[in-house]
Amino acid sequence: MSDSLQRNDPNSPTASSPHNGDGSINHDGYVNPLRDPQDKRLPRIAGPGGMVIFGVTGDLARKKLLPAIYDLANRGLLPASFALVGYGRREWSKQDFEDYVRTAVEQGARTDFRESVWQRLAEGIHFVTGTFTDDEAFDRLAAQLEELDRSRGTAGNWAYYLSIPPANFPDVCHQLDRSGLAQSGEDYWRRVIIEKPFGHDLASAQELNRIVNSVFPEDAVFRIDHYLGKETVQNILAMRFANQLFDPMWNSHYIDHVQITMAEDIGLGGRAGYYDGIGAARDVIQNHLLQLLALVAMEEPIAFTPEELQAEKIKVLRAVEPVRPFSKYTARGQYTADWQGSNFVPGLRDEEGFDPESTTETYAACTLQINSRRWAGVPFYLRTGKRLGRRVTEIALVFKSAPHLPFAETMTAALGQNAMVIRVQPDEGVLMRFGSKVPGSAMEVRDVNMDFSYSEVFTEQSPEAYERLILDALLDEASLFPTNEEVELSWKILDPIIEYWAKRGRPEGYPAGSWGPSSADHMLERDGRAWRRP
């Protein structure tokens with residue numbers, strides 16, 4: 001019996017057996033196959049298979065995907081036989097590609113670099129040269145994967161990661177179909193992983209879904225929204241549905257409004273060519289922020305299965321609509337040159353490669369309502385922008401003021417509304433704001449914070465979002481991947497706002513380092529509210 005078979009045989013008496021006698025795994029990362037498959041406390045390890053990355057020489061693959069694959073291997077969550085194939089136009093040998101991947105891993109991996117792990121991973125690394133319309137190159141790719149099935153034991157299981165612009169999806173999908181690489185069988189699978197943007201409006205998203213689904217069935221399509229892979233985003237579900245504490249207050253009887261913010265303190269950073277014509281709303285609100293809204297507002301699922309979670313998110317998105325008139329309940333802007341911290345930074349129109357006459361927004365905010373009994377009358381304020389005061393992503397649930405306070409007005413002058421703030425990044429955690437008496441002889445009540453921080457409570461470092469999502473795709477676990485219906489519903493919500501903005505000319509300017517245009521402040525002031533300043 002080979003060593004690899006012995007290590008996976010629960011009856012093997014060898015010292016390398018994965019079983020520690022308590023149903024757990026040993027330090028090599030192998031899982032007990034006899035354990036309850038519903039027990040989520042033990043790591044889920046991908047079975048035989050491999051991944052092909054299209055666009056492997058791009059920034060996303062170099063900075064995120066390749067380090068994530070190494071980190072999964074280093075944590076024992078990939079099979080020893082895992083194979084990684086890059087596809088691109090460069091005339092690279094296997095060694096050239098190995099060197100490229102190793103450099104990316106050494107620069108970007110979250111876990112420590114271990115030579116033994118790298119050598120095992122490098123054995124399955126290969127590169128195929130070609131363009132997206134090259135029949136012969138895709139035939140060579142098919143031959144390479146067939147060879148890896150024989151030599152590495154990948155069993156015909158392949159995930160295709162399309163880290164490429166959506167304009168290239170039709171060509172790649174056609175070639176995968178033509179070469180027989182897209183077809184699954186009774187004992188092997190083929191899946192496709194797609195990066196955003198999922199179209200630029202409803203019509204293009206529907207066409208994109210049609211193209212992809214003509215080759216891959218919907219249950220084999222995994223649309224990446226990396227925010228859904230973050231631990232703090234998944235913790236929304238744990239907080240809501242594992243605790244009795246919050247559920248009675250999670251409705252319009254107690255919550256005044258909800259603010260969902262994704263702020264960046266950087267500019268375009270060389271992405272002017274990509275960003276012009278897309279803008280903040282398409283880049284962030286359509287996917288990240290509407291997915292966060294769905295997780296915050298959804299009803300409790302019957303079970304934590306992909307089908308049930310997706311069904312509840314779809315129900316919420318169907319009930320969402322933008323508040324009108326858009327002239328009062330939306331805002332957009334472009335950052336202008338100003339001081340950001342100790343640095344004077346250029347304005348958007350001075351960024352290299354950006355059209356100075358462009359009407360593309362770098363700040364977008366909108367007011368949404370959910371037509372359901374739970375959320376009737378509760379506005380959801382969504383905002384995102386570049387060159388803002390600081391980098392932060394958070395969800396703030398602001399509660400209604402107490403209907404009656406048995407204190408003199410002077411005693412509560414420093415008391416605001418209670419709030420629960422879920423910090424997605426960078427300081428992952430949850431903050432509760434409530435009133436407390438100030439020590440002293442007088443009765444004075446003011447706001448205090450109760451702060452839970454992931455980094456202080458848990459010793460284990462949170463995995464990168466791409467680690468979780470890549471592993472889930474290999475495991476056919478679709479809970480954290482938006483379906484085509486979710487994507488299309490999100491565009492239905494956003495399209496009317498974008499169409500309105502398209503008729504309004506150039507967006508309002510806002511100084512770099514500020515918190516956005518004045519119109520965004522007025523949007524909340526009309527309702528007697530104000531944005532949080534994280």
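Because the model is predicted, local features need pLDDT of at least 70 and side-chain atom pairs count only at pLDDT 80 or more, while totals for chains, interfaces and linings use all residues. Residues are numbered from 1 along each chain as its sequence is written, and side-chain values use heavy atoms, with hydrogens and water left out.

Let's start with the sheet. It is an open one, built from 6 strands in the order β3-β2-β1-β4-β5-β6 with parallel pairing (strands are DSSP runs of E, at least two residues, and helices are runs of H or I, at least four, numbered from the N terminus; two strands pair if DSSP finds at least two bridges between them). At the edges sit β3 (125–129) and β6 (221–224), each pairing on one side only. Strand β5 (residues 190–195) joins β6 through 4 bridges, and Glu195 stands opposite Ile224 in β6.

Lys230 lies in the loop between β6 and α8 (231–241). Its relative accessible area is 18%, so Lys230 counts as buried (under 20%; exposed is over 50%, partly exposed in between, with a 1.4 Å probe and protein chains only). Leaving out residues up to four places away in sequence, Lys230 touches Val424, Gln425 and Ala465 (contact means heavy atoms within 4.5 Å).

Asp283, in helix α10 (residues 279–297), is buried too, at 7% relative accessibility.
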